[in-house]
Structure formats: C-alpha cells, structure tokens
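Look over the sequence and the model before reading on.

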Amino acid sequence: MTTVEIIFLAVYFSLLSVLGVYGSHRYRMAFLYYRHKFKLPTPNGTLPALPRVTIQLPIFNEMYVVERLVESVCRIDYPRELLEIQVLDDSTDETCGIARACVERHRQKGHDIVYIHRVNRQGYKAGALENGLKLATGEYVAVFDADFVPSPDFLMRTVPFFADAKVGMVQVRWGHLNREFSILTQAQSIFLDGHFIIEHTARNRAGCFFNFNGTAGIWRRSTISDAGGWQHDTLTEDLDLSYRAQLKGWQFVFLPEVISPAEVPVDMNAFKSQQHRWAKGSIQTAKKLLPTILKSDLPLLVKREAFFHLTNNMAYLLMVLLSVLMPISMVVRFQHGLYGTLFLDLPFFITATASVCVFYVAAQRERGATGWERFKYLPFLMSLGIGLAINNAKAVGEALLNQQSGFARTPKTGAEGKSVKAPVKKSYRGSKTLMPVVELLFAAYFTGALWFAIDARIYTSVPFIVLFQAGFLYVGMSSLLQGFAGRVKVTESAPAVTSPEEQPRQAA
C-alpha cells in the first residue's frame, strides 16, 4: 500500500472510532435511565399558597394553530385571579387578526389575557419572551409554542415543585398530536421519545444538566434574571439559558409522566429546517458555554455529560466525511486483497448503529409500545438519521465558522391524527434549498458503490451501503418533491386511535 492509502485508511478508521464513541454514549444513556428509573421526583415541601403565574405564548405566523393554542391554555385549571396569559405575536400575516380576535373573545369570558404585538422580530423568540417579561406580573413563567395543547392540570402538577427554593425550572414531556400522519411523523415521534423519555430522565435523575426545551415548561422568574435573561446570540435560546441557570446552581426537574401534546412537522423541508436550527444552535451554545463548564468545579460526571450533550451534533459532520470515505475504503482494500479487513468495520458500525436500535427500542418500550411496534420503524429511523447528515453537517459547519442566520420558524399546519384541517399556504411549508440535489448526488454515489460491492462479491459491505443509499435517497427525493408540491395534501381519513400521550389532549 502507498503512503497515501495508509493515511487514508487511518483517517477512515479514526472517524469510525470517534463515531463509535458518540454511538456508545446512547448505551450509557440507556444504562443511566434504567439505573434511576424509579427515582421519581416529588415536591420538597408545600407552597404556603398558590403563586401568580404568567403563561407566555410566543407566535409568528401561526394562523392554523393559534386559536387551538389559546383555547387550550384558557382551559388550564388554575385560579383565574392568579393566572395571566400573554400572546406574544410577531406575525406579519393573517395570524395578527385571528390572534387578536381570539384574545378578545377570551378576555370577555373573564380571562386575564393580553395581546402583545411587536413590529420587529429583534431577538426572534428570545426577544419576544424578554419583551413579555417586562410586562408580566407572574412570579413564575410558563411557555408554550404555537403547536402545543397543554393539559388542564399542567400548572397544578408543576407548580408544587417550586416549594423547593433551589428549583428554577420544571419541564414536562412532549406528546405528539399527529404521530400517525405519515412514516415521517412516526419517525420524528420516536426520535423525540428517545430524547425525552430516556435522555432527559437519565440526565435529570443522575444529577447531570439537562435543558428546557423552549416550550411545555415553567420557570421561576428570578432564575431567568439570575442566569442573565433570554439571550439571542444562539439559535437555541432555551438550551443556552438552561445551562447558564444550572451553572448558577439552580436545579431543574423533569416530569415524564406529565405530557403536553404537540404537532410534529408533516413536511420534510420543515423538518430539515427545524433540525438545522437545533443542530446549529447546540454547537453555538457549546462554543459559548462549554469552556466555562469544563473549567468549573462541577463533578466529572456532569462535565462529561455536558460535553456529549452539547457536541453530539458534531457526529453529523463526521458522518458526512465517513460517507465520502466509506466506498473508497472498500475499493482500496479490495485492490490490495484485504478482504478480511472489512470485518474491522463491524465493531465500529455495531457500536454506532446497534446503539441506535437499543436506545429507541427502549424508548418505545417505556412509552408503552408492545411487540412488533417497538421494532418496525427502526430501519427507516436509521436511514432517516443518515439522510439528515448533510443538512445537519451544514448547520454544524456554519456554527463552527460563526456564520450567522435568522431564526427560521417551523411551519405548523394544525395536523392532528392523520389529517390537517385545511389546505396549507405555500408560505407555511419548509423553504426550498439546493440541499436535495447534494443529497441525491450522495445517493447516486452509494448506488455506484453498491454495484461495485455486489460485482466484487464484497457482501459484508452491502447492508451498510444500502442503509446510506436509502437514507440520502429518501431525504433528498422527499425534499425535492415537497418543494415542487403546491400544498400539503389534505387527507379525509378518520381520526387515528390515540396513543397514551394524546389522551391529555382529549381530556382537555
């Protein structure tokens, strides 16, 4: 082998090793979850009286869901004289009139609800929340995004935890109103289940930092101020504030048994836009806060988990590099008769891919899924994760290079079950980019690699090549077709059978 080929293979195996480390972290999350599964959080003491609470509803161009949001929040069971609701509207379309009229209707019914409209989006969502705080009268502040439908008992189940003066924030678990809409929404729901059921529970109960998710949580107002307030120098203002607050010594509580259902994107481009924002924001937050965390006197366990949590999206950048090198590595080893070395890939791939299976099967088991339901989406889940690599790697690269971008909202359609309520305007779909073309080029690249592997009878490489090929092909083609589509298709099917996390929605 030439020196270039040796260096090439060394780089390839180095990438596999690092990805294996990130993959094995999922095993640790599952281990910590089961180790602390029964360490249930309970309020430490009792409040002398119910405090005044402000609920903030930040919205931007949400004409399909704003009424559903306001109506569900107004059904929350809490003394009216102690509850203030702020509709923080930065909209530039018909949402303004819809929201204003909805607020007026509920004010006439006796609710303390106000409509606050900004003529600019300075600071985006963080700016809207900060602006609302200037006028808020509550000692505690809950936040719900436009696509959420909180259950009536949300406050009565979260507020008691603030009897402990050290508790600064309480987060509840997200449910999914439209899990059954498509295979894409099924996959997103499983991704989110893993994040909330396994990761959040494991981190919180093991004493590590975890984050407010931007919605479906309630803050002690003094915690926000003490941590430096809402800041908009990252795209994940929620993650940023969460870590700053916990660095100040505030404790967070996660309640997986309290569920707030929400809508997941039905459009591939909208989903990719959301993932881009989350990936870029997490790396921005890592650059901003990780040096402080690592230099602090926090326990090693907390520092290590913070590192993996904040840098996890770096794996997408490494995955794109691996995607380029994998077929070439196969060819190089074939040319030198090194068939046996292909088996060296297996431990790394098993570490990286089998961990995905274990992690998400565990999440679905804990969600209550039984039998085949726990496993049937796994191949698609892994392919989708790989297919997102280019989109998310671009986000990571932008964050590392300090390229600034605006806060791109995730379009909401009002989807529930298997249908949306009405045809959706073009402006409410995910934006079109050239990314699908790049993804389809990667799919073509792996198609060539698949042909070579079959022709050369290198069958050990075929399953992994197919996984990568299918992922890039699905994500790229879906983005391309939905970009050309005139609107999101409305289905007339009957409502889906609700899963446990949708039951609070019906109870409301």
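Which residues does UniProt list for "transmembrane region"? The unreviewed entry gives residues 6-25, 313-332, 338-362, 434-454 and 460-481. The model shown here is predicted. Two of these spans are set out below.

| Span | Distance between end C-alpha atoms | Helix | Strand |
|---|---|---|---|
| Residues 434-454 | 31 Å | 95% helix | 0% strand |
| Residues 460-481 | 33 Å | 91% helix | 0% strand |

**Nonpolar cores**

The largest nonpolar core holds 66 residues. Ile55, Phe144, Leu155 and Ile218 have the most contacts inside it. Strand β7 (residues 251-262) supplies the largest share of this core, six residues.

Take Phe144 from the largest core. Leaving aside neighbours within four places in sequence, Phe144 is in contact with residues including Ile55, Leu57, Pro58, Leu69, Val73 and Ile76. Its contacts also include Pro150, Phe154, Thr215, Ala216 and Ser260.

**Helix α10**

Helix α10 covers residues 300-311. At 1.5 Å a residue, its 12 residues should span 16 Å.

Which residues of α10 are buried? They are Val302, Lys303, Glu305, Ala306, Phe308, His309, Leu310 and Thr311. The buried residues of α10 pack against α1 (3-36), α6 (183-205), α8 (237-247), α9 (268-295) and α11 (314-335).

Definitions and conventions
Residues are numbered from 1 along each chain as its sequence is written. This is a predicted model: local features need pLDDT of at least 70, side-chain atom pairs count only at pLDDT 80 or more; totals for chains, interfaces and linings use all residues. Side-chain values use heavy atoms; hydrogens and water are left out. Helices (H or I, at least four residues) and strands (E, at least two) are DSSP runs, numbered from the N terminus. The expected span of a helix is 1.5 Å times one less than its number of residues. Buried means under 20% relative accessible area, exposed over 50%, partly exposed in between (1.4 Å probe, protein chains only). Contact means heavy atoms within 4.5 Å. A nonpolar core is a set of buried Ala, Val, Leu, Ile, Met, Phe, Trp, Tyr and Cys residues joined through side-chain atoms within 4.5 Å. UniProt positions are given in the numbering used here, feature names are shortened, and annotations may be inferred rather than shown by experiment.
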